[in-house]
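Reader: I would like to go through the terms used for this structure one by one, and hear for each of them what value stands behind it.

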Amino acid sequence: MRNAPTILHLDMDAFFASVEQASKPSLRGKAVVVGGLGPRGVAATASYEARVFGVHSAMPMAQARRLAPNAAYLVPRFTLYRSVSEQVMALLRELSPLVEPLSLDEAFVDLEAGGAAWDEESARRAGEKLRADIRAVTGLTGSVGLAASKMLAKIASEQAKPDGLVLIEPGTERALLGPMPVRTLPGVGPATGDHLRRAGISTVQELAEAGEDELVRLLGKAHGHALYAMALARDERPVVAERETKSVSVEDTYDVDIHDRLRVGLEVQRLADRCVRRLRDAGLSGRTIVLKVRRYDFSTLTRSETLRGPTDDPAVIREAAARLLDPVDTTGGVRLLGVGVSGLADYTQEDLFAQAMPAGAVEAPEEAVAEAVAERAEPVERQWRAGQDVRHAEYGPGWVQGSGLGRVTVRFETPQSEPGRVRTFFVDDPALESAEPLPLVADLAHAPTGPAPETVRGSDVGDGSEEGGGGSGVGDQLEGAGGRT
């Protein structure tokens, strides 16, 4: 471990929800939950205003609605999230050639490798400048941790949340870590934490005092050695800019096409379990779950879902594969099925990012993107989803507040406008169409055209306060949207 705090960890604050608030002026300062809106949906990210009510990532959306019934519930807009993420990552690469992205909103940076920092003072300056640049370019906030190792830098960024910077001075690491719960350390999830607790180990200091031999006995050789080193604040892992692209997959071709939907689902679950066994045999985990379906007419569909951290948890991978299968039409018969995992890593964060957490389970840490981030098929034409970008031929750009009973309610506003007015239309109104997201920060050379939101007149169908008029997305059935943010 180096002597200067030149490893930087950036974690964007409640990323998905913050992007939604930045793009929708009427939601700023209000509770926002992003995730799947169907009966089996999972919260991907909750704004800090929603967290006050107990809503957190990886929580079943039905439970979130009970805790915060007046929050705005929106589907994810991955195109926009990726665009903003690319802007943030570009700023990180200006600091150093060694940038290790962990997800859309999280990354490590080796400041020393880029000459951006060499001691405490220069590291702090680099961190503060980065935060200011992110706000200027994206309009969002990020929390920065600075330390002499990756583990400590991540812990520092958690302490900095929201919208702060924490630097851990060399020599203070052991004193800082000692009183923290063992769950603070990477790789210690609910199961490992409970196992250690039963052995009388609850804090990092107790972990260190237990000794390496005892931890190996309790947890196995690899895990025991690793946790003992971390308890002593030792973390030699370098920032890795590029990883080899790999994938692990299994597939079966059937002699007779499968027509029974239940059988298809069971086959997908079996393939998911086989894939997990291959992952674990190789000591790997992965972020992207891939489903392959070849139908009776040889047409092949591939669907993927990207989690916000690597996992080898069979429950998470089975659940993701099942969600990917949901929208696929298999009535004509299936001749081949496959399940794969890509975006591989040699560590796992299933405790932080798992989607399968049942109600009442131990809460994942904030920002762990316990949230799973799903890549979903395009919605059926004229099926409006809460949060979706739209444009009206007369009223310009806006977003769907909700839909149901043949109507869709739209709020007309842009990231640079004042909170806009609402208007309700029939779902098949030909003047209303899907649209691309608008940039969060104004580009005067490419400013959106159309009437200002405040000029919107009253509704021909309703006043936006009836069916589907709220932020709950009435009638929207997208499920399982999703990876920390």
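Author: What follows is a set of questions and answers on a predicted model.

Reader: Why is the pair of Phe16 and Tyr81 called stacked?

Author: The ring centres of Phe16 and Tyr81 are 4.2 Å apart and their planes make an angle of 10°. Centres within 6.5 Å count as a pair and planes under 30 degrees apart count as stacked, so the term stacked applies here. This is one of the eight aromatic pairs that a search of the whole structure finds.

Reader: How do you know whether Phe16 and Tyr81 are buried or exposed?

Author: The relative accessible area is 0% for Phe16 and 0% for Tyr81. Because buried means under 20%, Phe16 and Tyr81 are both buried.

Reader: Why is helix 1 called roughly perpendicular to helix 4?

Author: The two axes come within 11 Å and cross at roughly 100°. Angles of 65 to 115 degrees count as roughly perpendicular, and therefore helix 1 is described in that way relative to helix 4. On the side of helix 1 the contact is made by Phe15, Phe16, Val19 and Glu20, and on the side of helix 4 by Phe78, Leu80, Tyr81, Val84 and Ser85.

Reader: What makes helix 1 mostly covered?

Author: Nine of the nine residues of helix 1 are buried, and among them are Ala17, Ser18 and Gln21.

Reader: Why is the pair of Tyr395 and Phe412 called tilted?

Author: For Tyr395 and Phe412 the centres are 5.6 Å apart, and the planes make an angle of 50°. Planes under 30 degrees apart would count as stacked and those over 60 as edge-to-face, so this pair falls among the rest, which are called tilted. Tyr395 is in the loop between strand 14 (389–392) and strand 15 (396–404), whereas Phe412 is in strand 16 (residues 407–412). With relative accessible areas of 5% for Tyr395 and 0% for Phe412, both are buried.

Reader: How do you know that the charged end of Lys24 sits over the ring of Trp399?

Author: The charged end of Lys24 is 5.2 Å from the centre of the Trp399 ring, and the distance limit for such an arrangement is 6 Å, together with a limit of 35 degrees from the ring normal. The charged end of Arg51 likewise sits over a ring, that of Tyr48, at 4.5 Å from its centre.

Reader: What makes strand 5 and strand 8 the edge strands?

Author: The open sheet has five strands in the order 5-6-1-7-8, with mixed pairing. Strand 5 (99–103) and strand 8 (165–167) each pair on one side only.

Reader: How do you know that strand 1 and strand 6 pair?

Author: Strand 1 (residues 7–12) and strand 6 (residues 106–110) are joined in the antiparallel sense over five bridges, and at least two bridges are needed for a pair, so the two strands qualify.

Reader: Why is Asp428 called exposed?

Author: Asp428 has a relative accessible area of 55%, and because exposed means over 50%, the term applies. Asp428 is placed in the loop between strand 17 (421–426) and strand 18 (432–434).

Technical notes
Residues are numbered from 1 along each chain as its sequence is written. This is a predicted model: local features need pLDDT of at least 70, side-chain atom pairs count only at pLDDT 80 or more; totals for chains, interfaces and linings use all residues. Side-chain values use heavy atoms; hydrogens and water are left out. Helices (H or I, at least four residues) and strands (E, at least two) are DSSP runs, numbered from the N terminus. Rings of Phe, Tyr and Trp (its six-membered ring) pair if their centres lie within 6.5 Å; planes under 30 degrees apart count as stacked, over 60 as edge-to-face and the rest as tilted. Buried means under 20% relative accessible area, exposed over 50%, partly exposed in between (1.4 Å probe, protein chains only). Axes are lines fitted to C-alpha atoms, for helices over the stretch in contact, and angles run from 0 to 180 degrees between N-to-C directions. Angles under 35 degrees count as roughly parallel, over 145 as roughly antiparallel, 65 to 115 as roughly perpendicular and the rest as oblique. Contact means heavy atoms within 4.5 Å.
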